[in-house]
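Biologist: Could you take me through this model? I'd like to talk about contacts and strand pairing.

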Amino acid sequence: MTKEQDCNSRNIPLPIQREVRQRCGFGCVICGMPLYEYEHMEEWANVKRHVAEEITLLCDQHHREKTGGLLPKEVVREANSNPFNLREGVSKPYSLHFSGKTAEIEIGGNSFTCEDLGYGTAMVPVSVDGTPLIGLIMADGHFLLNLVIFDEFNAPVLHIKNNQLYYTTEPWDIQLVGTRLAVREAHRKILIEIDFQPPNKVVINRGRFLRNGVEILVRPNNILVTNNATLIRGCRAHNCHGGLIVGHHEQRIGCFMALVSLPRYLGDRSEALKFERESMAEFKANKSSNADGSSAADS
Ligand SMILES: [Zn+2]
């Protein structure tokens, strides 16, 4: 690592990030949005240092307004001294807080739970070849969201690191309405949809994950790995930190489904999609024909 890489505006040490998050009420100081960027209130070019008191939190929109000169520095300073999420009498956006001894993650109708082992306990719903594509970390009574989205060419196009919008190449639309977080591509297609269900549950309803020639589609009731038409539904695991773990991982993660070897980069996915459609229709038909009988077969 060179000296310049050593100290840039982005690599704020984690303890300083934690201090800033707590001081700013875990959200943009202007509007409270819990996904944000760390903003140096002093011009970075002048100070080139990371001091917690000189750093504040701004969401993507307010960050852009500040950069574009629409949001005066003084307004940011004022908000920093009285962060939105710490003000009284205003209705605040959900700040991804959680409480309880265990946390549960549901993804595509499958779920896993684990105990909160203290600051930094991590849950990894989807990981491929050692890269967690989505992860949630428990910290100070809040979930920190980690998300990396790769495109078809295996290049990262969106990276959220501990709730920080770290790296994006496209104009993404990231919206939190109530407790529902949706990330859309510019042309409005939902790429991932996460519902935070306080106090301790996170539900991933939709998502498309690509990595190293693997395609994972998350639907409300199932997960489909299109490479070999692996259809995953109804898995339940307890006391583990992982969901769907694909490929080789140096650090083993307990999970509800591990797919160690998979064919990669298969071009035609229409057979897998057809299989999914037919199977899910069959499950649905079975479910409704059992609806007035006993549910014993369900266990
Ligand atoms: Zn904001």
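Biologist: What do the side chains of D140 and R18 do?

Modeller: The side chains of D140 and R18 meet in a salt bridge, with 2.7 Å from N to O; the term stands for a side-chain nitrogen of Lys or Arg within 4 Å of a carboxyl oxygen of Asp or Glu. This is a predicted model, in which local features need pLDDT of at least 70 and side-chain atom pairs count only at pLDDT 80 or more, while totals for chains, interfaces and linings use all residues. Residues are numbered from 1 along each chain as its sequence is written, and side-chain values use heavy atoms, with hydrogens and water left out.

Biologist: Which domains does the assignment give?

Modeller: The assignment, which is automatic or from a database, gives domain 1 as 3–86 and domain 2 as 102–286, and their C-alpha centres lie 29 Å apart.

Biologist: And how many residues are in contact?

Modeller: Counting heavy atoms within 4.5 Å as contact, 14 residues of domain 1 touch 15 residues of domain 2. The two domains bury about 1,400 Å² between them, 56% of it on carbon and sulfur atoms; buried area here is the accessible area (1.4 Å probe) lost on putting the two parts together, summed over both.

Biologist: Which residues of domain 1 lose the most area to domain 2?

Modeller: Those are R10, F26 and L35, which together make up 39% of what the domain 1 side buries.

Biologist: How many salt bridges does the rule find across that interface?

Modeller: The rule finds one salt bridge between domain 1 and domain 2.

Biologist: OK, switching to strands: how do β7 and β8 pair?

Modeller: Strand β7 (residues 142–150) and strand β8 (residues 156–161) pair in the antiparallel sense over four bridges, where strands are DSSP runs of E, at least two residues long, numbered from the N terminus, and pairing requires at least two DSSP bridges between them. L147 stands opposite I160 in β8, and in the hairpin, which has five residues between the strands, N154 takes a positive phi near 70°.

Biologist: What about β8 and β9, how many residues lie between them?

Modeller: That hairpin has two residues between its strands, and N162 in the turn has a positive phi of about 50°. β8 and β9 (residues 164–168) are also paired in the antiparallel sense over four bridges, with T168 in β9 as the bridge partner of L158.
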